[in-house]
Amino acid sequence: MISGGYMDNQKEGKPLCTYIHSAGGEAYAVVQSMDYEKMIPMYVNAGLEIDVQKVRLDNLLMCLELISGEGKLVGGATVIYSEHEYVLKAIAIEKEYQGKKLGTLLVTKVIELVKGLGAGRLMLNAKVPGFYKKMGFEIVPRDMAPGISDCLSCHRYHNGCESEIMKMEWKLF
């Protein structure tokens, strides 16, 4: 059962919470927080290049914590506002929970939330561009991309890491 600590009740100061269901039908809570530090170990375990010394982000908009029915943090996403852009800074799903469409569901939730903030697009630095292409993201040529990544100065870029700056745009009504 999903822990009562994750119930949706902002009046009592508890975090915003919604629920999603995996491809297998399991329920997961998506908890909106500002607790980036809590997410760092999961991001590092997933192979993301995260500065573990930087536990606070000045431009942090939100973290989404994906909580299993047993109350375990099994995935998450971090969204920042940088270079006048809404940016999906990091996203990860624990290895044993991959293959259940949770990453897709989490990205979809991020898109929904940034649209609600008035964003006309979402940017990201994709380590797995094919995943995001399937969702409708497009590659942005490096010479036209906003400065949301320092990949070009990284020794791993084109040396085992082929990340791409990508965007998804939509019309604002």
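1. Strands β2 (residues 27-33) and β3 (residues 60-67) pair in the antiparallel sense, with five bridges. Strands are DSSP runs of E, at least two residues long, and helices are runs of H or I of at least four, numbered from the N terminus; two strands pair if DSSP finds at least two bridges between them. Valine 30 has leucine 66 as its bridge partner in β3.

2. This is a predicted model, in which local features need pLDDT of at least 70 and side-chain atom pairs count only at pLDDT 80 or more, while totals for chains, interfaces and linings use all residues. Residues are numbered from 1 along each chain as its sequence is written, and side-chain values use heavy atoms, with hydrogens and water left out.

3. β2 is also joined to β1 (residues 17-21), again antiparallel, by five bridges. Isoleucine 20 has tyrosine 28 in β2 as its bridge partner. Five of the seven residues of β2 are buried (buried is under 20% relative accessible area, exposed over 50%, partly exposed in between; 1.4 Å probe, protein chains only).

4. There are five aromatic pairs (rings of Phe, Tyr and Trp, the last by its six-membered ring, with centres within 6.5 Å; planes under 30 degrees apart are stacked, over 60 edge-to-face, the rest tilted). One of them joins tyrosine 28 and tyrosine 97: the centres are 6.3 Å apart and the planes at 85 degrees, so the pair is edge-to-face. Tyrosine 97 lies in the loop between β5 (85-93) and α2 (102-116), so the pair ties together parts 69 residues apart in sequence. Both tyrosine 28 and tyrosine 97 are buried.
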